[in-house]
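Reader: I have a model open and would like to learn how to read its packing. Could you walk me through it?

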Amino acid sequence: MDSKETKRTVPVPSVGADGEQPISQTPIASIAEETTENNPPEKNYAELLRKMQRMNDPAYLPTISMNELYENVYQSRPPVIDGLLYPGTYLFAGAPKVGKSFLMAQLAYHVSMGLPLWDYPVHKGTVLYLALEDDHRRLQGRLYRMFGTEGTDNLLFAVYAKQLGGLEEQLKRFVQEHPDTKLIIIDTLQKIREAGGDKYSYANDYEVVGKLKRLADACGVCLLLVHHTRKQQADDKFDMISGTNGLSGAADGAFLLQKEKRTDDTAILDVVGRDQQDQRLYLTKDKEHLTWTLERMETELWVEPPDPVLEAVAAFITAERPSWGGTATELVAVLQVDMKPNALA
């Protein structure tokens, strides 16, 4: 291995769901990389053998130091909808007939077209909508009324899918065939659950969402699981989500859509998540097109905090000077930022 090979450096932390894997995942450095005057080959071979023996020990607990964690470079995963929806797994809950499927179709359409949703910027990408409680005729009528005749090939539908287990392979194949996939909607979670004696236990609920979360994290997509609420009221509105706390415990966040009366044209959308602040949105349904419009929100639109390094780069690169080349050390001097060269890289 070339001794001049670029080493891994500290990343700019990504905004995305937990569980992301580093670009370089090699747990043990190569012999050539570690060989120096102070580390002869014999010592490196012995260390490598020792590490391999430890990994074969049933009692071995893999750990990573803070410095090693800093050395990994993690791939950034931009949001699907700025301040609202990120890669990961989310629950979207509401009572039956409250308008969940209409809002899901609206989300899917806006992401597939790259159109802003209310006051939120949207990142365009392919969307898969598993409309498992619909048929093609009903979908056609709903979409035509909501969006007119302007369609898109970036929004794909399926009205049948396998249950969890076989579904995972179906979704992996879809993402392989559509690498720009941003969002997958499963409407509803109940349709893909496998029957079992402990179907509604905490452990089973956690495992169901956990499997889907691992899939979403591995593929770098947002997985939105439509689910129902129970009739009983609760002090914490999110405790009304049907099932145990295992569902919300394994998810990256949750959306809760509620009306005071089923016949109302207004609704409240509460949002909680690991990657955005809690929000409450007041929505009104357009009676003609059946789409939801934003009337107001209790919290200001969440904005990514400024990054001083990126701001310095943006100020340095101008129309008059559109490009620059040099080492990380030279760039630190040019930008005048308080950061080590390897961290900046």
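Reader: Which residues does Leu-269 touch, not counting residues up to four places away in sequence?

Author: Happy to start there, keeping in mind that this is a predicted model. Leu-269 touches Phe-92, Leu-103, Trp-118, Phe-255, Leu-256, Leu-257, Gln-279, Arg-280, Leu-281 and Leu-283.

Reader: How should I read a set of contacts like that?

Author: In soluble globular proteins, nonpolar side chains tend to be buried together. Here, the largest nonpolar core has 43 residues, and Leu-269 is among those that touch the most other members, along with Ile-81, Leu-85, Trp-118, Leu-224, Phe-255 and Leu-283. Helix α4 (residues 100-113) gives this core its largest share, 8 residues. Another core, of 30 residues, lies apart from it and includes Leu-91, Ala-158, Leu-223 and Ala-254.

Reader: Now for a helix: which residues of α9 are buried?

Author: In α9, which spans residues 308-316, they are Val-309, Ala-312 and Phe-316. Seen down the helix axis, the buried residues fall within an arc of 60°, so they line one face of α9. Their cover includes α10 (328-335) and α11 (341-344). Leu-310, Ala-314 and Ala-315, on the other side of α9, are exposed.

Reader: And is Met-66 buried or exposed?

Author: Exposed counts as over 50% relative accessible area. Met-66 has 56% relative accessibility, so this residue counts as exposed. Met-66 lies in helix α3 (residues 66-71). Together with Ile-64, Leu-69 and Tyr-70, Met-66 makes a nonpolar surface patch of about 400 Å².

Terms used
Residues numbered from 1 in each chain as written. Predicted model: local features only at pLDDT ≥ 70, side-chain atom pairs only at ≥ 80, totals over all residues. Heavy atoms only, no water. Buried < 20%, exposed > 50% of the residue type's maximum accessible area, 1.4 Å probe, protein only. Helix = DSSP H or I, 4+ residues; strand = E, 2+ residues; numbered from the N terminus. Arc of directions from axis to C-beta. Contact = heavy atoms within 4.5 Å. Patch = residues over 30% accessible without salt bridge, like charges linked within 9 Å, V, L, I, M, F, W, Y side chains within 5 Å. Areas by Shrake-Rupley, 256 points an atom, 1.4 Å probe, with all protein chains shown as cover. Salt bridge = Lys/Arg side-chain N within 4 Å of Asp/Glu carboxyl O. Core = buried A, V, L, I, M, F, W, Y, C linked by side-chain atoms within 4.5 Å.
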